[in-house]
Amino acid sequence: MSKKSLGNGLEALIRVPKEDQTQIKQAEQIEEELKSESQMDKQLKTVANNFLVEDEKVIKIKREVEKNPRISLWSANSAACLRYLKKTIPEFSISKEASKILDEAIKTKYPEVWALFDDE
């Protein structure tokens, strides 16, 4: 056995012509590419399914909100401030002001979610 053969295991005993080695390497590369393409296909399908699920959720939420757009909040300080403004500013609307403030805050904090429902 020559020094070239040391560390080559079975390949040291069984000589494979260089042409065959090249074909084997090409076949292995093609097999790896197919595996990675298969994994990418699975990932794309997962992403597509997630989008479908998200679209369904968005549609359901929009339908619910069309029927009942109200929400309830519990905040003593906010309630006190808004009631003070109602008592001191003529034609002040607590609902309109709370809606503006809440819309701005949600749009700023969760822009991606806001974009799902922004019809403007």
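The dialogue below takes up the fold, the surface, a pocket and a loop residue.

Guide: This is a predicted model, in which local features need pLDDT of at least 70, side-chain atom pairs count only at pLDDT 80 or more, and totals for chains, interfaces and linings use all residues. Residues are numbered from 1 along each chain as its sequence is written, and side-chain values use heavy atoms, with hydrogens and water left out.

Visitor: How many helices and strands are there in the protein?

Guide: Helices (H or I, at least four residues) and strands (E, at least two) are DSSP runs, numbered from the N terminus. Here there are five helices and zero strands.

Visitor: What share of the residues counts as buried?

Guide: Buried means under 20% relative accessible area, exposed over 50%, with a 1.4 Å probe and protein chains only. Of the 120 residues, 4% count as buried.

Visitor: What volume has the largest pocket, and which element gives the most to its lining?

Guide: On a 1 Å grid over the protein atoms alone, a pocket is an open set of points where a 1.4 Å probe fits, with protein on both sides within 12 Å along at least five of seven lines; lining residues have an atom within 4 Å of a point. A volume is the space filled by probe spheres set on the points. The largest pocket has about 1400 Å³. Among its 32 lining residues, Pro-69, Ile-71, Ser-99, Leu-102 and Asp-103 are the closest to the centre. The helix α4 gives the most, with 10 residues.

Visitor: Where is Glu-91 placed?

Guide: Glu-91 lies in the loop between α3 and α4. Its phi is near 60°, a positive value in a residue other than glycine. Glu-91 is exposed, with a relative accessible area of 85%.
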